[in-house]
Amino acid sequence: MALPGQPQGRLADPQAGRMSSDYFLPTLPSLLASQGQPYLHRDLSWLQFNERVLSQARSNQNPLLERAKFLAITAANLDEFFMIRFPSVLKALAPGGKRPPEEMAQAIRVRDMILESVARFHAKQAETLDLLGAEIEPLGFHFVRRTRDGEPSHAIGRRVFEEQVREWLTPQQGFAVENLRALQTLQTAAVFPSGLWFQVPRKLSPVLTVEDDAAGQVYFLFLDDLLATHLGAAFGANEKPSLLRVTRDGDFTVDFRTDDPDEVDEQVRSSVRMREVGKPVRLQCSAKTAPRMLNDCLRCFKLVPSQIFPTRAPLGLHGLFAAINKLPEARRVDPKIFHPAFRAFVPQTCRKKANVFDRLKKEDLLLHYPYDSFDSFVTFVRAACEDPDVTRIEQTIYRTDGHAPLFDALKAAAKRKKVRVIVEARARFDELNNLRITNDLREAGVQIAFGFGALKLHAKIALVTRREDGVERLYTHLSTGNYNATTAKHYEDFALLTANPDIGQDARNFFDSVWKGAVPSKFKVLLSAPTSLHRRMLALIDSETQAARQGKPARIFAKVNALVDENLVRHLYHASRAGVRIDLVVRGACALVPGVENLSENIRVISLVDRYLEHSRIYAFSASQAIYLSSADWMPRNFYSRLELAFPVVDPNLRRFLEEVILPAYLTDTQKARELTPEGTWKKRTPASIPQAVLPSRESTRTRKPPLRCQFFFEELATREYTGTPLEARGGARPPKSAPAAAGAAATAAAGSAATPAAPVAAPAPATPAAAAATTTTTAAAAATPSPATTPGTKATAPPAGAAPAPSAPPTAPATALPVNAPAAPAASAPAASATPAASTSTVSSPSASPPTQPQPKAPAPVQPSAPAPPPPSPPPAATPTTPRAPAKPPGSAPATGPAAS
């Protein structure tokens, strides 16, 4: 394979004793997981992701306090990284193993690179906080740091310290460094040179807020700075304290081998206690901590010097997120400070409980959070709870906020019908919350079961059984995200409500199996981990590979939070070499290296960090006509260590909406998307870097062209109730009364691309695996209903800002054809005429005739490598029988607020 920028040409293969021509990456040896293999190290790649989050804190496309929230998220992400991921790096260096010297050297190199990168990152965090503080102060918001007597903020800080902090602090004398062993994870100690010291309780908020309504000012006071400034004077010490914060290994799991709820409760609580006192892995400290103190800490905690991080930034920087979110609505009206409030759409189907089941019998409902309201799901559950014909309600819980209307309805229903809830009590950082909710539900009569064995229950599924005309009918809700009303306002996810009988039977199989402690399998249409999901993904990739080798159109689209399964990456490399065009949207860690000649030149990888946390997972395969949404990332843990589900999108209108609107919007974002280069670095996307096959038609005046900020585009679609998209044909959509710019979203979109002339809002042209891959003309009616003999399906996962042209008309669907691979349906089964005025016929240029125009860096003359060994054979994808459905409906923790949240 030809590799850009490699000065030496080839890397040595120590095992073969010769120069290897396979799998080496020229300019990124520091990012590789192992020498000479084309896989980026997942932790180094994750650190790059956190850099992308930090870049949003420095982007003037985002309102100022939204930028500050991004900065706080980077700190929360690092806390979780050191608790969960970094311990595995250290364990690879544990003595007593028999690892080869080169592997040990690689492990040491990765550890050192992580620590060096984090040290530089801390400096950028401190600099960013200073920049934000200077920009926000003229607008009446103050990040109060170290102050001097006589300054107004000094007096405010002293008052806050005396009223809210001092009473929680107990002085201790005779400090010895061994005292620090008593600190729990992420707990801070304040130590004076005299020997006076304090353990700072974690219940104290790391950032405290004071609002001066008379002066119109808001002060954010960091607990660290209050301690450094006022603690000595309060307790008679004439010196400044050193602040030390310890992070411990929190990577503990519980293997349930019991059905006894009391034993489950104790096992979970024991695991949480272990996390609090695990082995120290990081020590943060204030910038001027004495070297002698740091040397003592190294000895006490058995750390290497680079595991200690002196920093100018507050140790509790993560707390800025919650402090900003607590500001009242009256403080959120200035678009220079906050994003305009967005009101999520509630589909007609879910506006009245009485409508839900009748509408779902006619058409499926796709919800796109946060653009569609989580209240739609709550309405579905409440309708089931109150309907006398519903006999059974079942649901999983992984992370939840204990949303009162939802759980109150379930508890009330438990008195009249069977209500079963399967809880994953081991959801990291949510364990105690889940136990509390479990006990509350059980006391109300809800039947409770837990995830079992070593498998975590990560699937998001609810099932309602309803008696209709003497026959049981099943209504299923499946989601890529958690049943959490709070995060549903901030996380991007998809959910499907359906009365599809095949999906319903699979849901019944799932609940019955898990309830008995068995791994569910033998599904009709659903894919599950750990039984079939990984194998099926490889088979679908191989089907695209085979189609490309036969000269047929072949494309793959995947959107995931992380892509680190090397076996799957290897199959993607082989698909690329066969000519399959592959588009990947990977929010976080990505092991795959795109754009490398003779290896991955047909693969593009982008990442999106914006106002909302991109959290949905979508898998789409053109040749197989398969589109799945899922709870599972492309990671070994999701394939083998969790109970996961991927569910097909069968309804033709929902498929078209994903293919023609959602996927192209992601692929044409040039405001917040970053693209992974063959060197392993990330660059800002430009319209010129988007292949022509992805761009909207040049002749179409109704289609939005780059620059595009897809999250704002999705807001506009929801505000206009999806008028002009394939969802307009559903029974629940109503055109807006007028077509002015959507309040907030459109105005902000226009602000981000002022140089771009206003254009009508429209869905971008198809750029999906199922988008046209050869010159063809297809009628909407002929392509609307997939053949029952084909596998149905697809699947789909953010923070602030950016811009798109201000809309001058309601969004309209692109004037492009449906997927060329979509089989023509018999005329009798064709749905009503498409609501897309110009979508009935269209010609799409052939991407297979001209490969994607992906600019590659200049490289020295390539050394021709031998082809890598083919991956192990996978069984061909079996056709999955499906039931064609009627036309569709509206698309409706560190802390779990950070982009690292699962």
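Visitor: How many disulfides does the structure hold?
Guide: This is a predicted model, and a disulfide is counted here when two cysteine sulfur atoms lie within 2.5 Å. Cys300 is in no disulfide, since the nearest cysteine sulfur, that of Cys297, is 6.8 Å away. For the structure as a whole, the number of disulfides is zero.

Visitor: Is Cys350 buried or exposed?
Guide: The term buried applies under 20% relative accessible area. Cys300, with a relative accessible area of 6%, is buried. Cys350 has a relative accessible area of 2%, and therefore this residue, too, is buried.

Visitor: Which strands stand at the edges of the open sheet of three strands?
Guide: The order of strands in this open sheet is 3-7-6, and the pairing is mixed. Each edge strand has a single partner strand, so one side of each is left without a neighbour in the sheet. The edges are thus formed by strand 3 (141-144) and strand 6 (207-212).

Visitor: Which residue is the bridge partner of Glu211 in strand 7?
Guide: Strand 6 and strand 7 (residues 217-222) run antiparallel and are joined by six bridges. Within this pairing, the partner of Glu211 is Val218.

Visitor: How many nonpolar residues does the contact of helix 2 with helix 3 have?
Guide: The crossing of these two helices, helix 2 and helix 3, is left-handed. The residues of their contact include four polar and three charged ones, and the nonpolar residues number 19.

Visitor: What does the twist average from one strand to the next in the open sheet of five strands?
Guide: This open sheet has the order 5-4-8-9-10, with mixed pairing. Strand 5 (197-200) and strand 10 (308-311) are the edge strands, each pairing on one side only. From one strand to the next, the twist averages 20°.

Visitor: Which residue in strand 5 stands opposite Ala189?
Guide: Strand 4 (residues 187-191) pairs with strand 5 in the antiparallel sense, over four bridges. The residue of strand 5 that stands opposite Ala189 is Gln199.

Visitor: How many of the nine residues of strand 16 are buried?
Guide: Strand 12 (residues 390-397) is joined to strand 16 by five bridges and runs antiparallel to it, with Glu394 opposite Leu463. Strand 16 also pairs with strand 17 (residues 471-479), in the antiparallel sense and over nine bridges. Strand 16 (residues 460-468) is largely enclosed by the rest of the structure, because its buried residues number eight.

Visitor: By what distance are the C-alpha atoms of Asn439 and Asp265 separated?
Guide: Asn439 belongs to helix 12 (residues 431-443) and, at 27% relative accessibility, counts as partly exposed. Asn439 and Asp265 are 174 residues apart along the chain, while the separation of their C-alpha atoms is 9.7 Å.

Visitor: Is Tyr722 buried or exposed?
Guide: Most residues other than glycine have a negative phi. Tyr722, although not a glycine, has a positive phi of about 65°, and this residue is placed in the loop between helix 18 (710-719) and helix 19 (745-752). With a relative accessible area of 2%, Tyr722 is buried.

Conventions
Residues numbered from 1 in each chain as written. Predicted model: local features only at pLDDT ≥ 70, side-chain atom pairs only at ≥ 80, totals over all residues. Heavy atoms only, no water. Buried < 20%, exposed > 50% of the residue type's maximum accessible area, 1.4 Å probe, protein only. Pairing = 2+ DSSP bridges. Left-handed = near helix turned anticlockwise from the far one by under 90°. Nonpolar A, V, L, I, M, F, W, Y, C, P; charged D, E, K, R; others polar. Axes fitted to C-alpha atoms, helices over the stretch in contact; angles between N-to-C directions.
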